[in-house]
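Hi,

Here is the model I promised to pass on.

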Amino acid sequence: NNGQIGTVVTIKGTDLLSGGSSIVSASLGGVSVLSISSSQNDTEFSVVANRSVAASNVDVRYVTDTGV
């Protein structure tokens, strides 16, 4: 999703925490996010984009407190 700095992006899925209790880092299109919401669960969490990404579909990468 194209957006400006500060755009809130919600990631949805299943088993997102992979047995952990929190997301400790995340990136969108290879760019680290500005922040990660404190409200996280196995099916959803939100991040605040750091800058606009040219492509409409980008890789979402994140690491939980278990290292996964």
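Which residue in β5 is the bridge partner of T10? S46 is. Before the rest, some ground rules: this is a predicted model, where local features need pLDDT of at least 70, side-chain atom pairs count only at pLDDT 80 or more, and totals for chains, interfaces and linings use all residues. Residues are numbered from 1 along each chain as its sequence is written, and side-chain values use heavy atoms, with hydrogens and water left out.

On the fold: the chain has six strands and zero helices (DSSP runs, E of at least two residues for strands, H or I of at least four for helices, numbered from the N terminus). β1 and β5 pair in the antiparallel sense over five bridges; pairing takes at least two DSSP bridges between two strands. They belong to an open sheet of three strands, ordered β1-β5-β4 and antiparallel. Its edge strands are β1 and β4 (35-36), each pairing on one side only.

As for the inside, 28% of the 68 residues count as buried (under 20% relative accessible area, 1.4 Å probe, protein chains only). The largest nonpolar core has 11 residues, among them I11, L28 and F45; such a core is a set of buried Ala, Val, Leu, Ile, Met, Phe, Trp, Tyr and Cys residues joined through side-chain atoms within 4.5 Å. β1 (8-12), β2 (23-28) and β5 (44-48) each give two or more residues to this core, and β2 gives the most, with three.

I11 is also in contact (heavy atoms within 4.5 Å) with residues including L16, F45, V47 and V60, leaving aside neighbours within four places in sequence.

Cheers

Notes. Buried means under 20% relative accessible area, exposed over 50%, partly exposed in between (1.4 Å probe, protein chains only).
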